[in-house]
Amino acid sequence: MSTNGKRVLIVDDDRQVRDVLHEIFLSNGYKCQLATDGREGLEVFQATRPPLIVTDVKMPVMDGLEFLRTVRGLDPDAAVIMLTGVGDLKIAIESLKVGADDFIIKPVNVDELLIAAERAVERRQLLIERREYQITLERRVEEATRDLALTLRELQDTYRATLEALGSALDTRDVGTEAHSRRVRGYALTIARAQGVPERDIKDIEHGVLLHDIGKIGIPDAILLKPGPLTPEEWIIMRTHPEVGRRLIERIPFLRGAVPIVYHHHEKWDGTGYPLGLRGEVIPLGARIFAVADAFDAMIFDRPYSKAVSYEAARKEIQRCAGTHFDPAVVEAFLSIPETVFEEISRRSLEP
Ligand SMILES: [Fe+2]
């Protein structure tokens, strides 16, 4: 006879009943443990944790209801079937309230008892599985949330590092110094904040500044690196770099916000810039801010074909060009920033 892992604890003070129950369960594949009252039943339960208990109600020392309550307190999943006499319907109902799975009225009907036993064990199994599933589910959600946050952070770090590397690579090929784009980014963001640009737009300006000349990838070295002045034909090609840059990045969702600066960074306030010759506030604000930040950096640092001038001279020149090359409001914001702030930005741009 196979036990199939089926176990039952039988608790009854009546030896005859105990033996009958023992025989019924034994012949149906159950491994049985026997106890004569609640207290003894509790000792067996605590020692071996049987999945099913069949217990009488009226017993000396510890009755069935007290036994049931104690078992429930120890194990909310325990499957417990109560045995009651015909006249004990009130007790039977009371036992259901306390948490019995079922009750059987004596004398015991074998089929009824076995069906009740199976149902009680199934319910117990279901409760355990559901709780385990719940725990697994919560753990998975927690893990997935943590993984997602980590991936997002890594992705953002990667984006940032890629953009910085790209900006540096562009500078090295063109201006000859890789700290240039980091400085211009610092100036531009400082000016943007001084002008009250909301934080949610700052990242677009940052990306735009770092990538402003990305279109120069499409300009031949013979023109880009030419030692002397460009011919009119060469200038036409050189001036395509904002358009090339726009096409490069406008299809990348993450970089779309950078398009206004990439495409319009050579526009001038008075409409004499390129590629569209936009005038005044029609030029995107980021591009107007970039124009001041980039010109300032070009003046106070050596470029291949221009010598650095003093901070004061650069300030005066930018002030002079307000209303022609530059947006007067951006120039005003620029002039409100103390020199020490710009010095700090350029010092930090040299750090790795
Ligand atoms: Fe440019």
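This is a predicted model: local features need pLDDT of at least 70, side-chain atom pairs count only at pLDDT 80 or more; totals for chains, interfaces and linings use all residues.
Visitor: In what order do the five strands form the open sheet, and which are the edge strands?

Guide: The pairing in this open sheet is parallel, and its five strands follow the order E2-E1-E3-E4-E5. An edge strand pairs on one side only. That description applies to strand E2 (31-35) and strand E5 (102-105).

Visitor: What is the average twist from one strand to the next?

Guide: The sheet is an open one of five strands with parallel pairing. From one strand to the next, its twist averages 20°.

Visitor: Which residue of E5 is the bridge partner of Thr84?

Guide: E4 and E5 run parallel and are joined by four bridges. In E5, Thr84 has as its bridge partner Ile105.

Visitor: What angle does the direction of H4 make with that of E4?

Guide: H4 packs on the sheet, where it touches E4 and E5. Between the direction of H4 and that of E4, the angle is about 170°.

Visitor: Why do the buried residues of H3 line one face of the helix?

Guide: Helix H3 spans residues 64-74, and its buried residues are Gly64, Leu65, Phe67, Leu68 and Val71. They line one face because, seen down the axis of H3, they fall within an arc of 160°.

Visitor: Which exposed residues does the face of H3 turned away from its buried side carry?

Guide: The buried side of H3 is covered by elements including strand E1 (7-11), helix H2 (38-48), strand E3 (52-56), strand E4 (79-84) and helix H4 (89-98). The face turned away from that side carries the exposed residues Gly73 and Leu74.

Conventions
Residues are numbered from 1 along each chain as its sequence is written. A residue is buried if 20 or more other C-beta atoms lie within 10 Å of its own, exposed if 12 or fewer, and partly exposed in between; C-beta atoms are placed from the backbone. Helices (H or I, at least four residues) and strands (E, at least two) are DSSP runs, numbered from the N terminus. The arc is that of the directions from the helix axis to the C-beta atoms. Two residues are in contact if their C-beta atoms, placed from the backbone, lie within 7 Å. Two strands pair if DSSP finds at least two bridges between them. Axes are lines fitted to C-alpha atoms, for helices over the stretch in contact, and angles run from 0 to 180 degrees between N-to-C directions.
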